[in-house]
Amino acid sequence: MGAEIGNINNGKMIEEELDIDFTDSELVSHVRHALKSVALTSILFASVGVLLTVYLSTTARLQGDNDNYSQLVGLLHYNERLKADEVALLVTSLKAISGAVSYIDNVQHESLLTSVFSMSMWNYGPDVMDAMVDLITSLAASNGKYVDACLDMLVSNFSPPFRFIESLKLPYGKAKKEQVLDRVHFALECITDLIPLAPSRLLPIVMHRIHAIYQRTPEPVILMFVENIFKLESSAIGELVGNKRLISIVIDLLIDFDVQVGWDDILEENPHKGIFDMELEDEQILADIDDDGDDFAREFGGYGRIWKNGVVETLGKLDSIMVLTFEHLNCCKHSGRLVEVHSTLFVTVFESLLESFCQTVMNVYKSKFAQFVIFYACSLDPENCGVRFAEFLAGKFIESSVPPIIRMSAVAYLASYLSRAKFLSAPFVTGMLERLADWCKKYCQQSVSINPEAHKVFYAGCQAIMYVLCFNMRSIMEIPRLKSHLCFLPFREILKSPLEPLKVCLPSIVEEFVRQAKSAHLIDAKSGNPVFHDVLESELSKAFGGKERLDMFFPFDPCLLRKSDSYIRPTFVYWSTVKKAYEDDLDFSSDDDVDVFYPDMNTAESRDVELEGAFEEDDYFDDYHDSLNKMSITPKDSILKKRPNGKCTPLQMPSRLRPSMSPESL
């Protein structure tokens with residue numbers, strides 16, 4: 001019969017009249033013979049009514065013209081606006097090669113293999129994609145030498161070429177994305193079914209690819225790659241590869257972006273503002289951005305109003321990846337994978353996340369955002385994940401075999417978590433405080449003198465207790481059962497021990513704690529009060545914090561990423577919403593309660609009298625004030641500020657870590 005055959009020659013199509021017809025089996029047989037003979041071969045065949053000329057040749061080391069072989073290689077690169085007959089030509093070529101893969105030699109047919117592995121499914125329609133999947137699967141199964149290359153080719157299709165980015169917003173682009181990714185994951189599943197060791201080879205390929213693209217790659221490309229990692233994690237392949245290892249890839253990526261942004265990139269930093277003042281400002285900025293009517297302002301205003309322009313792009317990528325991670329965790333929750341175990345090999349998603357947190361996030365003290373991933377996971381299942389995370393951190397702190405710097409980091413995370421997590425109950429927080437207080441009491445019984453460096457783990461524990469109580473004291477004291485429990489914790493023994501934690505811990509935290517503790521009758525109102533003149537830190541707090549400044553590490557301070565904040569905000573406690581123990585609308589205790597804890601306390605005094613009297617008595621605090629004056633800290637009445645009417649009132653505690661003082665990464 002007569003037909004037109006396309007022969008690629010120097011980029012031009014030459015038409016020929018041929019009268020040849022081959023069945024599919026005959027076509028494959030010809031290809032096998034050509035590959036096996038390693039000689040110049042010309043095969044003309046037809047399949048499904050479409051005629052095809054396939055030219056195979058040996059490599060250049062053999063004599064003869066290799067133009068025909070080069071033309072076949074060029075055919076595999078031909079992807080620009082293919083016509084119907086050209087598509088059929090390519091599909092039939094790929095199918096023929098699939099049937100002869102066992103005869104392909106990785107040396108003699110290197111250029112052919114390179115062309116195959118360089119093909120992108122994004123450039124073709126469904127028919128060519130299907131033929132590519134068959135060929136890649138057949139190659140991987142035919143020889144172990146090709147497994148890595150086949151997996152890498154499929155992983156490279158996790159994200160599109162840059163020219164497709166804009167089209168992803170259109171219906172055509174969305175359809176193309178679905179067509180490509182469905183076939184990519186189907187091929188990966190087929191290869192793992194055929195080759196048991198393939199999953200172990202997949203993980204390093206994914207890691208290499210994502211680290212190769214994350215810095216200079218547009219945000220949509222990175223997001224699609226991360227989306228495919230999560231799709232792998234949720235599939236049967238994830239169980240074989242190791243769910244925790246796939247999750248760790250994303251967490252590591254978040255950390256990579258996180259550490260690129262320094263606290264010195266924040267705008268309008270004021271060294272005279274306290275921790276809580278900064279938090280209130282950040283809350284207002286994020287609230288204003290949410291209220292903006294302009295889409296552009298909502299998209300970029302948050303970063304522009306908080307961060308310098310040089311990091312806006314990095315923050316945008318980080319924010320979007322975190323949102324994608326939140327959505328994946330939410331899907332895991334609804335599918336029962338967050339905490340439940342489905343097989344003996346499967347590790348729960350939360351346990352995988354917790355292990356990744358322990359190995360990566362907790363050791364990066366410059367981390368500002370990545371830790372909110374586990375915070376969000378805990379908020380999805382407070383009874384299991386929320387409790388598990390707190391117990392994990394407390395265990396790390398108490399375990400003596402853990403390095404001191406890790407113990408300090410763990411208790412800093414614990415304090416911030418207990419203070420900020422709205423989903424944790426008051427009884428649970430009280431129980432964790434008891435656990436910390438018992439450890440601190442035992443420790444101070446074994447030590448005899450103040451030494452910030454030698455006892456830094458102890459001081460970190462004391463500061464954690466005070467910090468948590470600044471946020472939770474009133475909510476605990478409002479419940480009679482918990483109030484009695486809290487009153488019998490050994491605060492007096494710890495705070496007035498020879499280690500003198502009130503002199504060493506951050507002054508801003510000490511001041512607020514003492515003020516609330518006096519109002520709640522946890523500390524004797526006549527016992528005096530530490531005086532710091534609203535300073536954020538002291539030389540002693542710097543000493544126990546070390547070069548990492550773990551004394552000033554509050555990892556769950558408000559999240560300054562706009563989109564991520566919308567996920568965190570519903571379950572997050574902001575200082576502006578905290579009811580303090582010294583506010584006027586609550587009577588904490590009866591005289592009997594106070595007499596039990598401090599029998600000599602005069603409970604008839606008003607809170608104003610208590611606060612004013614707190615600066616006059618007790619030798620312990622008098623000596624303390626003298627030592628502070630010798631350290632050139634403002635005199636002891638500096639905690640009071642003058643009102644216009646001439647009266648003195650205590651200064652407010654700063655509520656948020658000043659960004660420039662966040663500890664540097666180890």
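Let's start with helix 5, residues 126-142. It has 17 residues and reaches 24 Å from its first C-alpha to its last, close to the 24 Å expected at 1.5 Å a residue. Keep in mind that this is a predicted model.

Which residues of helix 5 are buried? Val-128, Met-129, Ala-131, Met-132 and Val-133 are on the list. What covers them includes helix 3 (84-98) and helix 4 (110-117). Helix 6 (147-156) and helix 7 (171-194) also take part in that cover.

Next, helix 15, residues 349-359. Leu-353 lies in this helix. Is Leu-353 buried or exposed? Its relative accessible area is 4%, and buried means under 20%. Therefore Leu-353 counts as buried. Now its contacts. Setting aside residues up to four places away in sequence, Leu-353 touches Ile-247, Ile-251 and Leu-329, along with Val-373, Ile-374 and Ala-377. Leu-353 and Arg-245 are 108 residues apart in sequence, yet 9.4 Å apart in space, C-alpha to C-alpha.

Last, helix 17, residues 382-398. Its 17 residues should span 24 Å at 1.5 Å a residue. The end C-alpha atoms are 22 Å apart, which agrees. Buried here are Cys-385, Gly-386, Phe-389, Ala-390, Phe-392, Leu-393, Ala-394 and Phe-397.

Technical notes. Residues are numbered from 1 along each chain as its sequence is written. This is a predicted model: local features need pLDDT of at least 70, side-chain atom pairs count only at pLDDT 80 or more; totals for chains, interfaces and linings use all residues. Side-chain values use heavy atoms; hydrogens and water are left out. Helices (H or I, at least four residues) and strands (E, at least two) are DSSP runs, numbered from the N terminus. The expected span of a helix is 1.5 Å times one less than its number of residues. Buried means under 20% relative accessible area, exposed over 50%, partly exposed in between (1.4 Å probe, protein chains only). Contact means heavy atoms within 4.5 Å.
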